[in-house]
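This report goes through a few features of one protein structure, part by part. The sequence and the structure come before the text.

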Amino acid sequence: MKLFDVYPINPINIVKGVGSLVYDDKGTEYLDLYGGHAVISIGHTNPHYVKRLEDQLHRIGFYSNSIEIPLQKELAEKLGKVSGKDDYQLFLCNSGAEANENALKLASFHNGKKKVIAFRKSFHGRTSLAVAVTDNPKIVAPVNETENVIFLPWNDESALEKAFADNEISSVIIEGIQGVGGIIVAGESFLRKIRSLCGANNAVFIADSVQCGYGRTGKFFSHDFAGVNADIYTMAKGMGNGFPIGGIIISPKIQPSYGMLGTTFGGNHLACAAGLAVLEVIERDNLLQNAAEVGAYLIEEVKKFEQVKEVRGRGLMIGIELPEELAHVRKELLFKHHIFTGEAKPNVIRLLPALNLTKAHADRFLEAFSTILTHSTIPQ
């Protein structure tokens with residue numbers, strides 16, 4: 001048997017990681033500014049994280065949600081404290097796509113409506129409902145297609161108001177910062193307009209925080225910059241620092257009932273241990289503040305390069321838009337300077353490092369970036 005070939009692979013075998021550094025099977029060191037799609041939030045093999053998981057493995061790794069799992073309640077309490085959403089309710093699952101899937105379904109259960117507003121260039125996952133609200137026809141199979149999704153232009157308040165003329169709107173789902181879409185920040189006024197219209201029309205405001213949440217922007221949820229609360233926040237990626245865990249936190253106005261949502265693996269003992277370790281390190285090491293400070297430093301320094309068309313983002317969620325002629329920069333960073341970054345097609349470099357990235361590591365990137373641009377010429 002061979003692997004189903006759906007991933008373009010870099011010919012690099014990473015076998016070890018410590019903090020923001022990873023090493024391949026030949027011993028070559030790489031600076032990791034991508035964290036495997038924003039997953040590594042507190043650094044590779046963080047000692048507290050490793051100990052939490054190891055200690056839990058010696059007790060019990062898994063049992064189902066048919067019994068009491070005190071770790072789930074502990075995780076909910078810690079998450080409420082660190083995020084500032086103490087009065088919300090937590091449902092645990094396994095991934096970001098599942099989190100968005102459950103949020104959309106829960107919204108429809110809550111108000112009995114079935115239409116969803118999503119936005120151009122959005123990405124919400126690959127499961128059935130999540131991919132239906134994702135603006136990429138290439139990954140939407142015919143079985144996923146539905147007339148219940150309305151795609152609107154980004155940051156267009158007038159279009160949003162017109163869409164709510166349809167009284168079947170169940171929910172609005174929006175990333176606080178579009179990741180795959182190119183690090184595009186949602187306007188604070190736009191988020192407040194969503195909050196207002198959802199409130200007035202018995203619709204559910206779903207804040208997709210899978211990539212832009214969990215402290216990445218310097219606030220726990222990037223939507224918090226708008227000063228309003230969503231009804232449901234979806235989470236995954238940085239939530240487990242590599243261990244598969246996802247979740248949604250749910251406004252107290254939405255009431256649960258037995259059987260409404262369910263999962264086999266969600267909220268298992270190991271997942272909760274991983275989730276607690278992440279929150280404990282975020283809180284102990286003031287990582288929201290570090291993300292804000294080091295991210296602001298990186299953004300300001302990258303803006304100084306005249307070849308850069310635009311720098312977007314907040315905290316340690318940064319998009320660097322380059323002209324088409326510099327599309328080679330990301331590969332040079334990886335293969336010549338041994339720095340992992342991400343991309344948003346066609347020409348945006350995405351930085352999504354661990355939240356405890358040091359200024360010294362930021363400078364290592366800036367030096368390599370400068371070297372590449374200095375030796376690159378753009379045809380006039």
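## Enclosed space

The largest cavity in this predicted model holds about 50 Å³ of space. The count of cavities of 30 Å³ or more comes to 1. Rolling a probe the size of a water molecule over the atoms shows where empty space is left.

Which residues line the largest cavity? Its lining consists of Ala-38, Ser-41, Val-210, Gln-211, Gly-213, Tyr-214, Arg-216, Lys-237, Gly-238 and Leu-355.

## The second largest pocket

The second largest pocket has a volume of about 730 Å³. Its lining is made up of 26 residues. Of these, Asn-65, Gln-72, Leu-90, Phe-91 and Leu-92 lie nearest the centre of the pocket.

Helix H3 spans residues 70-83, and strand E4 spans residues 89-93. H3 and E4 each contribute at least two residues to the lining of the second largest pocket.

## The sheet

E4 also belongs to an open sheet of 7 strands. The order of the strands is E4-E12-E11-E10-E7-E5-E6, and their pairing is mixed. Which strands form the edges? They are E4 (89-93) and E6 (149-152), each of which pairs on one side only. From one strand to the next, the twist averages 20°.

H3 packs on this sheet, where it touches E4, E11 and strand E12 (246-250). The direction of H3 makes about 120° with that of E4.

Strand E10 covers residues 204-208, and strand E11 covers residues 232-235. These two strands pair in the parallel sense, over 3 bridges. Asp-208 stands opposite Thr-234 in E11.

Gln-178 is found in strand E8, which runs over residues 177-178. Is Gln-178 buried or exposed? Gln-178 counts as buried because its relative accessibility is 1%, and the cut-off for buried is under 20%.

The side chain of Gln-178 has a polar atom 2.9 Å from the backbone oxygen of Arg-120. Arg-120 is also one of the residues in contact with Gln-178 when neighbours within four places in sequence are left aside.

Methods:
Residues numbered from 1 in each chain as written. Predicted model: local features only at pLDDT ≥ 70, side-chain atom pairs only at ≥ 80, totals over all residues. Heavy atoms only, no water. Pairing = 2+ DSSP bridges. Helix = DSSP H or I, 4+ residues; strand = E, 2+ residues; numbered from the N terminus. Axes fitted to C-alpha atoms, helices over the stretch in contact; angles between N-to-C directions. Contact = heavy atoms within 4.5 Å. Buried < 20%, exposed > 50% of the residue type's maximum accessible area, 1.4 Å probe, protein only. Polar contact = N/O pair within 3.5 Å; in protein donor to acceptor, adjacent residues only side chain to side chain. 1 Å grid on protein atoms, 1.4 Å probe; cavity = no way out; pocket = protein on both sides within 12 Å on 5 of 7 lines; lining within 4 Å. Points joined across faces, edges and corners; volume = space filled by probe spheres on them.
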